[in-house]
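Please read them with the structure open.

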Amino acid sequence: MTNFNDRIFVNNLIDVPIASVTALTPERAVLVMRAILRSECHYAKLSPTVLTISNRLTIADGGIDAEINVPPEHTIPPDCMFQPGLTGFQIKSGTTFKPWTRSAIRTELLNGEGKLCSEVERLVQRGGRYALICTGHDLTPEQRNDSRQEIAILLAEQGFEGQEDLVEVFGASQLA
């Protein structure tokens, strides 16, 4: 049985170069995130059925690429990427998407009519967490905080105030 301290020790032995994360193509980013999320589910002793992720990049996804729905009573290790309840992940690769800018967040979360993308809206209506994964950037604390703030502001503008604690942004360093 792996305990929390063993996991920290193992993680410290593995050094993934940031450049290998920032260089991921959209296809590879989804494959890597699928592997990471499956590993997190295994570590948290969750059935693989709690994870939904598709490899189909050219199909409309409503603003969510992956979803994990953990039973609320399940205990999740504190170092997991997700928590009990619903978490939706949007996966972005490349350096052109700058999540700390209002225009990038608006383009990502709003549809052509200026409303929340369908799955993002469904996620926040259900009290889920929104996690933006940006493989193309090794985010500074300021960029990461600004990104979270921009998402929370946009959600508030769309009628979902008080979402700050339900928004997370991961950059290349968090994934490596």
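**Notes on the predicted model**

1. F160 sits in the loop between α6 and β5 (167-170). Helices here are DSSP runs of H or I with at least four residues, strands are runs of E with at least two, and both are numbered from the N terminus. F160 is buried, at 16% relative accessibility. The cut-offs are under 20% relative accessible area for buried, over 50% for exposed, and partly exposed in between (1.4 Å probe, protein chains only). Leaving aside neighbours within four places in sequence, F160 contacts L116, E121, V124, Q125 and L155. Contact means heavy atoms within 4.5 Å.

2. A word on the basis. This is a predicted model, in which local features need pLDDT of at least 70 and side-chain atom pairs count only at pLDDT 80 or more, while totals for chains, interfaces and linings use all residues. Residues are numbered from 1 along each chain as its sequence is written, and side-chain values use heavy atoms, with hydrogens and water left out.

3. The overall layout comes next. The chain has seven helices and five strands. Their order along the sequence is α-α-α-β-β-β-α-α-β-α-β-α. The chain has 176 residues, and 41% of them count as buried. Take the contacts between residues at least 6 apart in sequence: 71% of them join residues at least 24 apart.

4. How do α4 and α6 cross? The axes of helix α4 (residues 102-109) and helix α6 (residues 141-157) come within 10 Å and cross at roughly 55 degrees. That angle makes α4 oblique to α6. Axes are lines fitted to C-alpha atoms, for helices over the stretch in contact, and angles run from 0 to 180 degrees between N-to-C directions. Under 35 degrees counts as roughly parallel, over 145 as roughly antiparallel, 65 to 115 as roughly perpendicular, and the rest as oblique. The crossing of α4 and α6 is right-handed. In a right-handed crossing the near helix is turned clockwise from the far one by less than a right angle; anticlockwise is left-handed.

5. Which residues make the contact of α4 with α6? From α4 come R102, I105, R106 and L109; from α6 come E150, I151, I153, L154 and E157. By class, five are nonpolar, none is polar and four are charged. Nonpolar covers Ala, Val, Leu, Ile, Met, Phe, Trp, Tyr, Cys and Pro; charged covers Asp, Glu, Lys and Arg; the others, Gly among them, are polar.

6. Side chains of opposite charge can pair when their charged atoms come close. How many salt bridges does the whole structure hold? A search finds five. The criterion is a side-chain nitrogen of Lys or Arg within 4 Å of a carboxyl oxygen of Asp or Glu.

7. R102 is partly exposed, with a relative accessible area of 41%. E150 is buried, at 14%.

8. R106 and E157 also meet in a salt bridge, at 3.1 Å from N to O. R106 belongs to helix α4 and E157 to helix α6, and 51 residues separate them. R106 is partly exposed at 35% relative accessibility. E157 is partly exposed too, at 48%.

9. E108 of helix α4 turns up in another pair. Its partner in the salt bridge is K92, with the closest N and O atoms 3.1 Å apart. K92 lies in strand β3 (residues 85-92), 16 residues from E108. E108 is buried, with a relative accessible area of 13%. K92 is partly exposed, at 22%.

10. Two residues in the loop between β2 and β3 also deserve a look. T75 lies in this loop, and β2 spans 66-70. Is T75 buried or exposed? T75 is exposed, at 67% relative accessibility. T75 and A44 are 31 residues apart in sequence, and their C-alpha atoms are 7.8 Å apart. Q83 is found in the loop between β2 and β3 as well. Q83 is partly exposed, with a relative accessible area of 42%. Not counting residues up to four places away in sequence, Q83 touches V70, I76 and R129. From Q83 to P72 the C-alpha separation is 8.7 Å, at 11 residues apart in sequence.
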